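I opened a notebook for this structure and wrote down each thing as I looked it up. The entries follow in the order I made them.

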Amino acid sequence: MNQIWQSIASDGNTQWVLWSTLLLGIASGILGSFALLKKQSLVGDAVAHASLPGICLAFMVIGEKNFFLLLVGAAATGLLAAYTIQLISGTTRIKKDTSIGLVLSVFFGAGIVLLTKVAQMPSGNQSGLNDFIFGQAASLVGRDVQMMAITAAAVILVVLLLFKELKISTFDADFARGIGLPVKGLNFLFMSLLVLTIVIGIQAVGVILMAALLITPAVSARYWTDSLTKMVIISSFFGGMSGMIGTLISTLGKGLSTGPFIVLSATFFFAVSVLFSPHRGIVSTLLRRKQNDRRLAFKWIMKELYNQPEPLSRNNLFLQSHFSNGQCKAVLKDLLEKGYIQEKERIELTVAGKEKAYQYKLVDEILELKDMYPNDMAFDHLEWLEYGQAEQISREQLVEIDEKITAFHDQFVLPSFTSAYEGGNKS
Amino acid sequence: MSYEMWIIVTGALVGASCGVIGAFLILRKIAMLADAISHTVLLGIVLAFLVSHSMNGAFMLAGAVLVGLFTAFAVQLLNSGGIQEDASIGVVFTSLFALGVILISLYAKDVHLDVEHVLMGEIAFVPWETVSLLSFGELPKAFVMLGSIFLLDLLLITLFYKEFKITSFDPGMAAALGIPVLLIHYVLMVMVSVTSVAAFDSVGAILVVAMLIAPGATAYLLTDRYSAMLLLSGGIGVLDSTAGYFIAKAFDVSISGSMAVAAGIIFTLAWILSPRYGLLSRLFSRHAVHKLQR
């Protein structure tokens, strides 16, 4: 650990590399969120793979490793790939995922072909183009890193400035067109920003794994929120942290590629999100399910005891319930502690328990009636019943419910009888 | 057989077995899942190597099948948990592939499992690594492996021909008929995994993807018949790989890379020239319609 901090503190280049991977992660987190919502996640994968031939071509033309021109080449073939995908799935019956896979592998194959050609060039051996395949952030130096950081910052800035426009055209392209937004232009802009981010990212993450930096943080962020703004913020946080942590880890060993570590850091955040996010996470879902089961068991036992004319034995209760015995025991213990039941040989409701059970019964009954006759039973001030607050119900409210139910039955059952009776009398 | 012939035959085997399987993948719209699996089998190979400390074919196959099935399963799990399918594919395959690459660079650097090998394969070295097989004499290892995988694929396809067909076109009806749709899906995933791993060694990860997708997509543009598509796809696979070899020879470049390029060129030809679905025939038919309207 000390070693890392020392190298960070003393080495200006390492600091720049960290800053640039942080910014890169943020930029791809933001764009990845949009790509995810546009269902274009894997397009990024194809664009990343397809940038390899562009890099090689640029190198073959200029004959030296000019970072900027290499990126221009990468962007050119990347955009070409993105449009080829659209063209194939637009003009044939081939589905989009097939055309993505096709374009991805063919462009990458072309990249490999050109790479072998580059290796045969006199200057090719030291070209270091291989670094583009798995990413080698540590090999970035001076102006390259600064350019990467500045480009990433520019991408972030553009997206933030056009956030509202991008948001509308992502969610409802027709509406966006209706209010006069240039949807096609925005799409092109988005594609270009995506390609730009991928292109500056491949040096650090590599063409094969770059897609992960676009997809994984966005998917992870989706677990935490339903709002685009929050999703973009969370996603950029995950992306930025992954970029930085991955780079730090890869500097620990000599010659380790950066890309895989960045990807695994992103996967770590993803795993955390899947497990622990408050609404969709596995842990919270399980907890909620357990709580719900417990509540149902509680209610069921109370009502069962209330409905039976005689006190029940433990075994009898266990036999009739569809809950596990352990759960029943836990609920019974809970009930005893609350003083709702007393147990000698058999289990019996106490006075407080009877009152509580009666309350459950009434609430269930009125909710059931409300389900069956939504028009007749729509009283606004009883709406709180549905939001699980039936536990803290006051005596007055209970009386009110009781009256409603009786009134309801009177209104439907009794008048019809009486009128039939009266009608019969008259004739 | 000559050195050159062995390479062509090996490539043709890759093309044929990947092509036939690819036809199913295209029809079932799971091409990207195959892409994911062909990447993640790398992890299976590495794990097999770490466990067995050898590049034994059986271990590699077992590892690849395990990881391949795990990939398909994980994608399905995430997908059923509410993540879009393409995004869950992206998350799963990049993670597993990254793990594989890290394990290689940490533990397996000395073996010939280096990263370049993974990407490009070493089809040029295929004829030199031989095993002796009972009455056949010395045969290249990759040929034996690919040949047996190809036979296995053919066997499975003939056994489950009808099931594959029905589940590809109408999974709902297949389920109603009592065909285990999910099992068939996983059988296909096993086939993709073993074929990938057998092809991996000679042609590398990326070419496997090209060979799995391009011949099927090309055949899909040329025919509407299921059986014809299978045969055509396998044939186009052979054509792609052979053409690729000669391109590589002519320009002195990576063989596996040029096979992918050849597959792309042949697809483009079909895209433009296909009698029914090609760009040209579309253009002409639109023209004809215009004329009729006038």
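This is a predicted model: local features need pLDDT of at least 70, side-chain atom pairs count only at pLDDT 80 or more; totals for chains, interfaces and linings use all residues.

**Entry: Pro260(A)**

I set aside its neighbours within four places in sequence. What remains is Phe134(A), Leu209(A), Ala98(B), Val101(B) and Ile102(B). So the list holds residues of chain A and of chain B, because contact here means heavy atoms within 4.5 Å.

I then looked up where Pro260(A) sits. Its place is in helix H13 of chain A. Is Pro260(A) buried or exposed? I found it buried, with a relative accessible area of 1%. It counts as buried because the value is under 20%.

Pro260(A) and Leu209(A) are 51 residues apart in sequence. Their C-alpha atoms are 7.1 Å apart in space.

**Entry: the largest pocket**

Next I turned to empty space. Rolling a probe the size of a water molecule over the atoms shows where such space is left. The largest pocket holds about 440 Å³. I asked which residues lie closest to its centre. They are Phe270(A), Val274(A), Ala74(B), Leu77(B) and Leu78(B), out of 19 lining residues.

H3(B) gives the most, with 6 residues. By class, I noted 14 nonpolar, 4 polar and 1 charged residues in the lining.

**Entry: Thr71(B)**

I stayed with helix H3 of chain B, where Thr71(B) lies. How accessible is Thr71(B)? Its relative accessible area is 0%, so I wrote it down as buried. Beyond its neighbours within four places in sequence, Thr71(B) is in contact with Ala36(B), Ile37(B), Thr40(B), Val92(B) and Leu96(B).

**Entry: Val261(B)**

I moved on to helix H11 (residues 255-273) of chain B, which holds Val261(B). I asked what Val261(B) is in contact with, leaving aside neighbours within four places in sequence. The list is Val106(A), Gly109(A), Ala110(A) and Val113(A). These partners belong to chain A.

**Entry: two lysines with positive phi**

Lys39(A) has a positive phi of about 60 degrees, although it is not a glycine. It lies in the loop between helix H2 (12-37) and helix H3 (41-62) of chain A. At 54% relative accessibility, Lys39(A) counts as exposed, because the cut-off is over 50%.

Where is Lys29(B)? I found it in the loop between H1 and helix H2 (31-52) of chain B. Its relative accessible area is 44%, so Lys29(B) is partly exposed.

**Entry: H1 and H10 of chain B**

Here I looked at a helix pair. The axes of H1 (residues 3-28) and H10 (residues 226-251) of chain B come within 7 Å. They cross at roughly 145 degrees. The crossing of H1(B) and H10(B) is right-handed. The residues of this contact divide into 15 nonpolar, 8 polar and 2 charged.

**Entry: helix H7 of chain B**

Which residues of H7 (residues 161-169) of chain B are buried? I listed Glu163(B), Phe164(B), Ile166(B), Thr167(B) and Ser168(B). These buried residues pack against H1, H6 (141-159), H8 (171-176), H9 (181-222) and H10 of chain B.

Last, I took down the totals. Chain A has 19 helices and 2 strands. Of its 427 residues, 49% count as buried. Among its contacts between residues at least 6 apart in sequence, 68% join residues at least 24 apart.

Chain B comes to 12 helices and 2 strands. From the N terminus on, I read its elements as α-α-α-α-α-β-β-α-α-α-α-α-α-α. Buried residues make up 57% of the 294 residues in chain B. For contacts between residues at least 6 apart in chain B, 72% join residues at least 24 apart.

Key
Residues are numbered from 1 along each chain as its sequence is written. Chains are lettered from A and ligands numbered from 1 in the order in which they are written. Side-chain values use heavy atoms; hydrogens and water are left out. Axes are lines fitted to C-alpha atoms, for helices over the stretch in contact, and angles run from 0 to 180 degrees between N-to-C directions. Helices (H or I, at least four residues) and strands (E, at least two) are DSSP runs, numbered from the N terminus. A crossing is left-handed if the near helix is turned anticlockwise from the far one by less than a right angle, and right-handed if clockwise. Ala, Val, Leu, Ile, Met, Phe, Trp, Tyr, Cys and Pro count as nonpolar, Asp, Glu, Lys and Arg as charged, and the others, Gly among them, as polar. On a 1 Å grid over the protein atoms alone, a cavity is a set of points where a 1.4 Å probe fits but cannot get out, and a pocket is an open set with protein on both sides within 12 Å along at least five of seven lines; lining residues have an atom within 4 Å of a point. Grid points are joined across faces, edges and corners, and a volume is the space filled by probe spheres set on the points. Buried means under 20% relative accessible area, exposed over 50%, partly exposed in between (1.4 Å probe, protein chains only).
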